[in-house]
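Q: Can we go through this model by asking what sits behind each label? I'd like the cut-offs spelled out.

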Amino acid sequence: MRTQVGIVGAGPAGLLLSHLLHLRGIDSVILELRSRAYCESRVRAGVLEQGTVDILNAAGVGDRMRREGLPHLGIELRYGGAGHRIPFERLVPGRAITVYGQQEVVKDLIAARLEAGGAIHFEVPDVELHDLDTATPSITFQGQRLECDFIAGCDGFHGVSRPSIPEGVLTVYDRVYPFAWLGILARVKPSSEELIYAATDDGFALHSMRSPEVSRFYLQVPLDASLDDWPDERIWAELRNRLETVPGFTLASGPIMEKGITPMRSFVAEPMRYGRLFLAGDAAHIVPPTGAKGLNLAAADVRLLAEAIGHWYATGSADLLDGYSEACLKRVWRAQHFSWWMTTLLHTFESDDAYGRRLQRSYLDYVTSSEAAATTLAENYVGLPFEPFGTLDA
Ligand code: RFL
Ligand code: PHB
C-alpha cells in the first residue's frame with residue numbers, strides 16, 4: 001500500500017490533519033489502535049478556543065458545533081466564599097470559548113473523512129514505524145506495509161511514534177503533579193451558566209457542562225485514588241462541599257453516566273520531528289487540563305503541519321517542514337506555562353506550608369481585582385492569536 005502521508009492515531013490531531021490535507025488534495029491513511037465506537041465515546045476535553053473553532057469552521061466541519069456548541073463569554077473563579085467572574089467580553093473583546101465535547105469533534109471529523117472517501121483503519125494493533133530518516137519511510141501493521149512520503153505521529157502520549165525516535169534525539173521536559181482529577185459526566189442540568197473553577201482548602205473542583213441536560217465535573221483527588229473509593233454519593237457530597245461555598249448556590253445532582261481518573265502531568269518532547277516523522281498533539285506534549293489547552297494545541301499543531309506538507313508538495317521546498325517544530329513549540333510553551341500557572345493557582349498542594357497558601361490566596365485576589373492580571377488569564381484562556389506561518393495569516 002502507498003499513500004502520501006501515513007497518520008498514526010484517529011484522535012483530534014490525526015483526524016483533523018487528514019481532513020486538512022484532503023482539502024489541499026493530499027492523500028493520507030489513518031491507522032488507529034481502537035475501535036470507531038471507542039474513539040467516538042472517549043469523554044475528554046470540552047473547551048474549544050476561538051482559534052480552534054475558526055479552524056473547524058474553515059475546514060467545513062463546524063456545522064453541528066455551531067448548532068450545539070455553547071459559546072461562553074466568561075468563567076468564574078470561586079474561592080474564599082465568593083465568586084469572581086472573568087469577563088471575556090470586556091477583557092478580550094470579540095474572543096470567546098465554545099463548550100463542545102471532544103468526542104463530538106471526533107464524531108464530526110470521522111464522518112467528514114468517511115464521507116470524502118478517506119481511509120481510516122480502526123482496531124489496528126501492531127503499528128511499527130520504519131526508515132524514518134530516509135525519503136521512503138513506511139509503517140507496518142498486521143503483515144502489511146504502508147509506504148509514505150511522510151508519517152504524522154498523532155497517537156497521543158502513550159503511542160508508538162515518539163518511542164520510535166532513536167535515543168538521544170529528543171530532549172524531554174516534564175513535571176508530574178502530586179494529585180489527579182476525578183471526572184464525571186452526569187445527566188443533570190448545569191447548576192451554573194458558566195464554568196466554575198473552585199479553589200478550597202479541601203482541594204479544587206470544576207463545574208463544566210456539555211449541553212442543557214448534561215453536566216461535567218472534576219474533583220482534585222490524591223494521586224493514588226481509585227474509583228472504588230469514590231461511590232456516586234461521595235462524589236456528589238464532595239462536589240457540594242467544594243462548590244456550594246457562595247450564598248444562594250445549590251448544586252443539582254443526577255445519574256452519573258461516566259467516571260474516570262486522570263493523573264496530572266506536564267510534558268514536552270523537542271524537537272517535534274525526526275527525519276520524515278512529525279509529531280503532533282499529545283504525542284509531543286501534554287498539559288494538565290486546568291487550562292483546557294490540550295485539544296487546542298493539537299489543532300494548532302496540525303494546522304501548521306498541513307501547511308508545511310502542502311508547501312512541500314506545491315513547491316518542493318522543505319522550508320516550512322524545517323520550521324514546523326519551532327513554530328509549534330512557541331505556542332506549546334506558552335500553553336505549558338499557562339496550564340502550570342492555572343494548576344498552581346487553584347489546587348491544594350499538600351507540600352505547601354501556610355506561607356505558600358497565603359501566596360496562592362494573594363495571587364487569586366490579584367487576578368480577580370486587577371484588570372491587567374485578569375486580562376492575562378483571559379487572553380491565554382480564550383487562546384492567543386496564531387502567528388503567521390507560510391501562507392497562513394495571523
Ligand atoms: P488523543 O486524543 O490521545 O488521540 C491519540 C489516538 O491515537 C491512538 N493510538 C494509536 N493508534 C495506533 N497505534 C498505536 N500504537 C496507538 N496508540 C494510541 C489512540 O487510541 C487515540 O485514538 O491525542 P490527540 O489527537 O493529540 O488529541 C489530544 C487531546 O485528546 C488532549 O490533549 C485533550 O483531551 C486534553 N484535554 C483537554 N484539552 C482541551 O483543549 N480542553 C479541555 O477542556 C481538556 N480537558 C483533557 C481535558 C484531557 C483529559 N484527559 C482525560 C486526559 C480533560 C481531561 C480529563
Ligand atoms: C471540560 O469540560 O471537560 C473541561 C473544561 C475546562 C477544563 C478542563 C475540562 O479546564
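Predicted model: local features only at pLDDT ≥ 70, side-chain atom pairs only at ≥ 80, totals over all residues.

Q: Why does Ala 292 count as buried?
A: Its relative accessibility is 18%, and the limit is under 20%, so Ala 292 qualifies. Ala 292 lies in the loop between strand S20 (285-286) and helix H8 (294-315), with phi near 55°, a positive value in a residue other than glycine.

Q: Why is Gln 142 called partly exposed?
A: Gln 142 has a relative accessible area of 44%, which falls between the 20% and 50% limits, so partly exposed is the label. Gln 142 is another non-glycine residue with positive phi, near 45°, and is found in the loop between strand S10 (138-141) and strand S11 (144-147).

Q: How do you know whether the overall size agrees with a compact globule?
A: The radius of gyration is taken over C-alpha atoms, and the globule rule is 2.2 Å times the number of residues to the power 0.38. For 394 residues that rule gives a value near 21 Å, and the protein has 21 Å, so the two agree. The C-alpha atoms fill a box of roughly 65 × 45 × 40 Å along the principal axes.

Q: What makes S1 and S2 partners?
A: Two strands pair if DSSP finds at least two bridges between them. Strand S1 (residues 5-8) and strand S2 (residues 28-31) run parallel and are joined by four bridges, so they pass that test. Within this pair, Gly 6 stands opposite Val 29 in S2. As for the names, helices (H or I, at least four residues) and strands (E, at least two) are DSSP runs, numbered from the N terminus.

Q: Why do S8 and S18 count as edges?
A: The open sheet has six strands in the order S8-S2-S1-S12-S19-S18, with mixed pairing. Strand S8 (119-121) and strand S18 (273-274) each have a single partner strand, so one side of each is left without a neighbour in the sheet.

Q: Why is H9 described as roughly perpendicular to H10?
A: The axes of H9 and helix H10 (residues 354-367) cross at roughly 115° and come within 9 Å. Angles of 65 to 115 degrees count as roughly perpendicular, under 35 as roughly parallel, over 145 as roughly antiparallel and the rest as oblique, so H9 is roughly perpendicular to H10. Trp 341, Thr 344, Leu 345 and Leu 346 in H9 meet Gln 360, Tyr 363, Leu 364 and Val 367 in H10, contact meaning heavy atoms within 4.5 Å.

Definitions and conventions. Residues numbered from 1 in each chain as written. Chains lettered and ligands numbered in written order. Heavy atoms only, no water. Axes fitted to C-alpha atoms, helices over the stretch in contact; angles between N-to-C directions. Buried < 20%, exposed > 50% of the residue type's maximum accessible area, 1.4 Å probe, protein only.
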